[in-house]
Structures are given as structure tokens and as C-alpha cells.
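Hi everyone, thanks for coming. Have a look at it on the screen first.

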Amino acid sequence: MSEQQHRNKSGFETRAIHAGYEPDAATGAVIPPIYATSTYKQDGVGGLRGGYEYSRSANPTRTALEGNIAALEEGERGFAFASGLAAEDTLVRSICRPGDHVVIPDDAYGGTFRLFDKVEKVWGLEHSPAPVSDLEKVAAAIRPGQTKVVWVETPTNPLLNIGDIAALAGIAHDAGALLVVDNTFASPYLQQPLTLGADAVVHSTTKYCGGHSDVVGGALVVKDLDLAEKVGFHQNAMGAVAGPFDSWLTLRGLKTLAVRMDRHCDNAERVVDFLTSHPKVGDVIYPGLETHPGHEVAQRQMKRFGGMVSFRVTGGESHALQVCERTEVFTLGESLGGVESLIEHPGRMTHASVAGTDLEVPADLVRLSVGIETADDLIADLERALA
Ligand SMILES: *Cc1c(COP(=O)(O)O)cnc(C)c1O
């Protein structure tokens with residue numbers, strides 16, 4: 001089947017396994033080699049084979065990953081980077097110029113907030129925070145003529161707020177701005193923002209896409225060819241590309257994304273059921289719960305509700321810290337989206353840098369990245385830790 005057919009006709013799982021690479025013509029190798037090369041022999045000056053010239057510009061292992069993730073997001077072009085933040089910086093500076101303005105989530109991933117607040121701002125880009133779940137506030141934060149990007153995450157981290165992607169695209173486009181969606185928490189299996197009107201998708205492939213906590217990476221997927229050309233130019237000109245081994249690991253991870261995500265969702269649902277009936281647990285935050293304010297929108301735009309669960313304990317911060325330190329199957333650590341379950345205290349760990357700002361999170365909040373271990377073991381572990 002040709003690349004184009006994979007993109008247009010195949011189901012998600014088939015694209016995840018086949019898109020971006022055809023078995024090698026010379027050897028039949030089913031999996032792309034890790035092309036550990038910086039340069040390529042030219043057949044006469046300028047006689048490039050397949051366009052490969054230098055591995056910052058393009059490398060065949062990275063090309064396979066880029067084709068694969070573009071197919072999964074149903075975009076035109078994919079680009080792989082050394083980290084999620086490198087992808088973000090490249091996208092922002094492909095679109096914006098000093099003096100421009102962007103709207104960002106008021107509960108953005110901490111590293112994203114720091115990038116806008118401490119790096120892009122110095123460079124001359126202004127930003128205003130707005131809650132992704134409140135369309136009126138997002139619209140009000142736009143400065144007509146100056147706002148070039150409305151940047152959203154959905155679900156957000158760690159409070160799992162939901163933004164209505166189609167409605168946000170309408171608001172951004174009415175103002176002449178682009179809608180960028182950080183799709184890290186949902187993964188392309190659960191949500192395809194480009195099909196809902198977004199102009200660009202960002203991933204920290206470190207998380208669900210890679211899925212095994214063994215690689216740091218980022219990706220961008222766009223649907224407009226003019227934007228693709230700008231991003232391609234900046235990817236090469238700025239140089240924060242994914243290396244061949246990292247690309248290979250990420251591509252390997254993507255092949256199993258669908259089955260992993262379904263198990264992440266199954267296990268998260270079991271954990272949510274357990275937590276909602278536990279006397280020492282207060283609010284359980286999960287977009288799959290009917291009580292979640294974004295439930296209806298999430299149901300419309302996501303296939304399922306994901307593997308991230310946050311909850312508040314009734315015993316305050318000290319109890320939250322105890323729970324985090326007592327689990328044995330859930331590993332105490334930052335990051336998310338790997339096969340192993342992780343637990344963390346956002347207030348003291350991932351979100352410590354936003355203490356005292358509008359982005360501060362409750363001190364009794366615990367965040368889980370529910371992995372794909374045996375669900376009964378995860379529940380028994382939480383039961384012991386909460387006791
Ligand atoms: C981790 C993360 C990032 C940053 O990605 P890195 O790969 O760590 O640079 C961006 N957005 C979200 C939602 C994340 O979880």
C-alpha cells in the first residue's frame with residue numbers, strides 16, 4: 001500500500017504500524033535502520049539521493065517518524081525535535097515576530113509557560129493567559145491584529161480542564177490567528193485536533209507517543225503547506241532536531257500507541273471508580289466523569305478520556321505527600337505517559353515553579369499517570385497508600 005493510501009484509507013492502528021516507511025528496497029528490512037550518519041554521498045555535486053544532504057536537514061530514520069506522526073494526526077507534514085519544548089520554540093518563531101502576541105492557557109504546562117514568560121518575552125513576544133475552558137475569556141484575551149496564535153492544551157495539566165477545539169479554532173480564525181493545540185495528554189489516538197480545525201499540533205513525544213519513559217522528544221504536525229514550509233525552514237535553521245536513535249525509539253513506541261492507550265484508559269477508569277468511593281479522597285478529577293465540567297466537550301472530541309487522573313485527599317498536604325511516598329507500584333516521579341504508573345505531588349514537584357502565581361495548584365492534590373500494569377495491583381497499591 002502506498003503512503004498516500006495509508007494516510008487516506010487505513011485505520012489508525014494500521015497507520016501507526018506502517019505509515020512513514022516501506023520495507024527497505026535493498027534488504028527488505030521491515031523496520032527502518034538507525035541511520036547513524038551525519039552526511040550523505042552525492043552523485044556528482046548536488047546529486048542528492050532522496051534529498052538527503054546533511055542530517056540536521058533530514059535523516060531517513062527521522063523522516064520515517066515524521067511521516068508516521070503526520071499520518072496519525074491526519075496532517076500534511078510532521079517534524080520531529082529533540083524535545084517537546086524545542087518543537088514549541090520552533091513553531092512559535094516560525095509564526096511570530098517580535099511585537100506579536102499569543103494567548104496561552106492559564107494553566108499551561110510549566111515548561112511551556114516558562115518558555116513564553118522567560119524566553120519568548122525577552123525576544124519581544126507578548127502573552128496573555130486565559131482558561132482554555134472559557135471561550136469568552138479566550139476571545140477577550142485576543143488583541144485584534146496583534147495576536148498571531150491562540151495556544152491551548154486539552155486536557156490540561158494537572159487539573160485536566162477541557163477546551164472545545166472546534167470552537168477555539170473559530171475564535172482564533174475570526175481574529176486572524178492560528179490555533180495551536182498541545183495534544184500531549186490525549187495523544188493522537190484519542191484526539192486529532194487538525195480534523196477539528198486546529199492549524200498545528202504539538203507533542204511532547206516523551207510522553208504517550210514514545211510511551212516507555214526511555215526517550216525525550218517533540219513533534220509538530222501541520223496541515224497547511226505554507227506553514228509546513230516555514231516550520232521546515234526553521235527546523236533546519238534552528239537545528240533542534242531529533243537524532244536518529246531517539247527517532248527510532250519514538251517510532252517504535254508509536255506502533256503500539258493504540259493498544260497502550262486503550263489499556264491506559266481501562267486502568268484509569270478502574271482507578272477513578274475506586275477513588276470516587278474512597279472516604280479519604282475528595283474531588284476526583286477525570287474528564288470521563290459526568291461531574292467534570294468539560295465532560296460533554298471531551299466526549300465530543302476525544303475517543304476516550306485518557307490515562308491521567310488527579311485527586312484531592314481529605315487530610316490536606318501532609319496526607320497528599322504521604323500517599324505519594326507510600327505507593328510501591330506507582331513510582332514517585334515526574335513525567336507521564338509511560339507504561340509504568342507514576343504518582344506525584346504537583347504542588348511540590350511539577351508545579352512548584354508556579355507557587356504563588358495564578359497557576360498555583362491545590363496543596364492536597366495528587367496526580368497519577370495510570371500505567372498499563374494489572375489494574376487490581378494498581379488499586380491495591382492506592383488502597384494501602386491511602387490507609
Ligand atoms: C512534557 C510536556 C511538554 C514539554 O515536553 P518536553 O519533551 O519535556 O520538552 C509540553 N507540553 C506538555 C503538555 C507536556 O506534558
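I'll start with the residues around the ligand and then move on to the pocket. Please keep in mind that this is a predicted model.

So, which residues are around the ligand? They are S83, G84, L85, E88, Y109, D182, T184, F185, S204, T206, K207 and G217. Sorted by class, this shell has 3 nonpolar, 6 polar and 3 charged residues. Helix 4, which covers residues 84-95, gives the most to the shell, with 3 residues.

Now let's look at some individual contacts. At G84, a backbone N or O atom lies 2.9 Å from an oxygen atom of the ligand. T206 uses its side chain instead: a polar atom there is 2.8 Å from a ligand oxygen. For K207, a side-chain N or O atom is also 2.8 Å from an oxygen atom of the ligand. How much of the ligand does the protein bury? On its own the ligand exposes 380 Å², and the protein buries 92% of that.

Helix 4 and helix 5, residues 110-120, each supply at least two lining residues. By class, the lining has 8 nonpolar, 13 polar and 9 charged residues.

That's my tour, and I'm happy to take questions!

How values were computed: Residues are numbered from 1 along each chain as its sequence is written. This is a predicted model: local features need pLDDT of at least 70, side-chain atom pairs count only at pLDDT 80 or more; totals for chains, interfaces and linings use all residues. Side-chain values use heavy atoms; hydrogens and water are left out. A residue is near a molecule or strand if one of its heavy atoms lies within 4 Å of it. A polar contact is a pair of N or O atoms within 3.5 Å; within protein, one must be able to donate a hydrogen and the other to accept it, and residues adjacent in sequence count only if both atoms are side-chain atoms. Accessible areas come from the Shrake-Rupley method with a 1.4 Å probe; for residues, only the protein chains shown count as cover. Helices (H or I, at least four residues) and strands (E, at least two) are DSSP runs, numbered from the N terminus. Ala, Val, Leu, Ile, Met, Phe, Trp, Tyr, Cys and Pro count as nonpolar, Asp, Glu, Lys and Arg as charged, and the others, Gly among them, as polar.
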